[in-house]
Amino acid sequence: MGVNELKYIQEAFDENWIAPLGSNVEAFETSLEQYLENKTFVAALNSGTAALHLALIILGVGVGDEVICQSLTFAASANPIAYQGAKPIFVDSEKDTWNMCSKYLEEAIKDSLNRGKKPKAIIFVDLYGMPAKIDEILDVAERYQIPVIEDAAEALGSKYKNQKCGSFGSFSILSFNGNKIITTSGGGALVSKSTEDKSKVIFLSTQARENALHYEHKEIGYNYRLSNICAGIGRGQMEVLDSHVEQRRNNHQFYVDLLAGFKGVDFQREFSEDFFSNYWLTAITVDSSKSGFSNRDLMEELKRNNVESRPVWKPMHLQPVFKDCLYFGENIAEELFNKGLCLPSGSNLTKEQKERISEIILRYK
Ligand SMILES: *Cc1c(COP(=O)(O)O)cnc(C)c1O
């Protein structure tokens, strides 16, 4: 937490306005819109998952439809497709950014068209904060006229070609879950490109109440709006976002320096000047045939010393729950999963903690 979160919560108490909606929600949205630039319209919701769900609903995704989704991601990217009774089609990553490969994206689209289906949407991810090769993805999508959703849940503060992540595609989603670069304890946002879409999101997220004194409903609605209390935390967190990004990027540099002499260790890294990552997490791959130790060895050793590290997300096409879904790619995502490791990356890692981590990792040199 920064310094002002409690102050904004106190304001909500002073106004006696604890219900969803209220001045913190609007102020938080405005602050996000200003931060993202690029004519964005932000609706604050109670999770990133809810934001993805509403994006799919507004794009008209329904039962039996197909939606293309990056395979290497957290399950929340794909679950809302299933909520709508639609089918996810998973696409592999490419090696440079670990994100959606535009070549396999096009293959997946062509396959759908051959079966007489046209995918209703494409969901790509800026994994661990690293922007995807967004132009390539948008190019393919444009050629086939398919709307794109950017899952920027992990990438607030990142930039692609100097444009903020969370502002690409027809819609972008953000998450303010407890583990993200900023948090509202739980929360998310749907970023759209027009006031009409933003109004529609707010309408759907507040039970789709028509403008009538009595409670009139013509559509199914949802209870997805962010509370005024959580939005107060969000306002305070916006004031520390830049410093969190700086701290996470420092963490990344710390690991790059630490692991410089190690054979077989590679990083998810900024591939060219087009990419600016918030480095929400620093992720590496370990090629045990060159390094002499595996990602799991390192994880176990860290754990023995009470230091938490984590595997890379298990790709969705390998998950039991999605085993019947189509997949296009080779084995890049799978290899990243097999060799990958996410290192301790908190915005509050202390110098002493980094020294402890160094000591453990240097035993492998
Ligand atoms: C966290 C996350 C989400 C979901 O956000 P919630 O706010 O937890 O619902 C979606 N996609 C990715 C890639 C995430 O990391």
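In strand 14, Leu-343 is the bridge partner of Thr-282. Strands here are DSSP runs of E with at least two residues, helices are runs of H or I with at least four, and both are numbered from the N terminus. Keep in mind that this is a predicted model, where local features need pLDDT of at least 70, side-chain atom pairs count only at pLDDT 80 or more, and totals for chains, interfaces and linings use all residues. Residues are numbered from 1 along each chain as its sequence is written, and side-chain values use heavy atoms, leaving out hydrogens and water.

Let's zoom out a bit. Strand 12 (residues 282–286) and strand 14 run antiparallel, joined by four bridges; two strands pair if DSSP finds at least two bridges between them. They belong to an open sheet of three strands, ordered 10-12-14, with antiparallel pairing. Strand 10 (265–267) and strand 14 (340–343) each have a single partner strand, so one side of each lacks a neighbour in the sheet.

Contact means heavy atoms within 4.5 Å, and angles run from 0 to 180 degrees between N-to-C directions, with axes fitted to C-alpha atoms (for helices, over the stretch in contact).

| Helix | Strands | Angle to strand 14 |
|---|---|---|
| Helix 11 (residues 295–304) | touches strand 12 and strand 14 | about 30° |
| Helix 12 (residues 332–339) | lies across strand 12 and strand 14 | about 55° |

Elsewhere, there's a helix pair to look at. The axes of helix 2 (residues 23–36) and helix 8 (residues 228–238) come within 7 Å, crossing at roughly 35°. Among the residues that meet there are Phe-28 and Tyr-35 in helix 2 and Met-238 in helix 8.
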